[in-house]
Amino acid sequence: MFDGCVFCMIASGSEQAYKVYENDRVLAILDRFPIAPGHTLVITKNHYQDYLSVPDEDLYELARVSKIVGTAVKDGMGADGVRLFTNVGRAASQVIFHVHIHIVPMWEREPNFTWFRRRAELTPSAANYVLSRIKPHLYERLI
C-alpha cells in the first residue's frame, strides 16, 4: 500500500467504494464522480503509478478483467459502445497516480460531449441501481 493513495486504501478495505468485481490482483469499482451512468474503474491491488509501470503479470490481469467488466457495463447499461482508457502523467490529465482503466458506456443517441458535463458525486441509490444492472452480466461471463 502506498501512503495516502485513495485506490490503495480502497483495495485494502480502509476506504469505501462500490465494488463491481474483485480478485486477488485487481478490483473494479464504480467511479465516485461518473462521466456517465455505469462509469467503472479497474485498478490493480498493488500500487503502480501508471499503466506503463505495471509488471506484465498484473497488466495481463488488468486487461483481462477490463475486457470482462467492459462487456458487462456495455450490456448491463444498454450502451451502444464503451470507452476504455487510461491517463499516464499529469500532462495527460492523470489525477490519481495509481494505475486505473476507465470504462465509460456511450450511447449513439447521446452527443459525444459527456466530457464537458459537470460530474456529480454518485449517490447510494444510483450506485445500487447501476450495480444491479451490471453484475448479472458480469457473473455470467465469469462462470
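**Entry 1**

I began with Lys 45, which is partly exposed at a relative accessible area of 24% (buried means under 20%, exposed over 50% and partly exposed in between, with a 1.4 Å probe and protein chains only). I note that this is a predicted model, in which local features need pLDDT of at least 70, side-chain atom pairs count only at pLDDT 80 or more, and totals for chains, interfaces and linings use all residues. Residues are numbered from 1 along each chain as its sequence is written, and side-chain values use heavy atoms, with hydrogens and water left out.

I then looked up the partner of Lys 45 and found a salt bridge with Glu 22, with 2.7 Å between the closest N and O atoms (a salt bridge is a side-chain nitrogen of Lys or Arg within 4 Å of a carboxyl oxygen of Asp or Glu). Glu 22 lies in strand E1 and Lys 45 in the loop between strand E3 (40-44) and H2, so the pair ties together parts that are 23 residues apart in sequence. Helices (H or I, at least four residues) and strands (E, at least two) are DSSP runs, numbered from the N terminus. Glu 22 counts as partly exposed, at 35% relative accessibility. I also recorded that Lys 19, Glu 22 and Lys 45 are linked in a network of salt bridges.

**Entry 2: Other salt bridges**

Arg 25 is partly exposed at 32%, whereas Asp 58 is buried at 4% relative accessibility.

I next examined Arg 64, which forms a salt bridge with Glu 61, the closest N and O atoms being 2.8 Å apart. The two are 3 residues apart in helix H2, and therefore about one helical turn separates them. Arg 64 is partly exposed at 30%, and Glu 61 is buried at 9%.

**Entry 3: Nonpolar cores**

I looked up the largest nonpolar core and found 31 residues in it (a core is a set of buried Ala, Val, Leu, Ile, Met, Phe, Trp, Tyr and Cys residues joined through side-chain atoms within 4.5 Å). Those with the most contacts inside this core include Val 20, Val 69 and Leu 138. Strands E1 (19-22), E2 (26-30) and E5 and helices H2 (56-76) and H3 (124-142) each give two or more residues to this core. H2 supplies the largest share, 7 residues.

I listed the contacts of Val 69 (heavy atoms within 4.5 Å). Neighbours within four places in sequence aside, Val 69 touches Val 20, Tyr 21, Ala 28, Thr 40, Ile 103 and Leu 138. Another core, of 8 residues, lies apart from the largest one and has Cys 5, Cys 8, Ile 10 and Ile 43 among its members.

**Entry 4: His 100**

I turned to His 100, found in strand E5 and buried at a relative accessible area of 10%. A polar atom of its side chain lies 2.7 Å from the backbone oxygen of His 98. Beyond neighbours within four places in sequence, I found His 100 in contact with Phe 7, Leu 41, Val 42, Ile 43, Phe 85 and Thr 86.

Methods
Polar contact = N/O pair within 3.5 Å; in protein donor to acceptor, adjacent residues only side chain to side chain.
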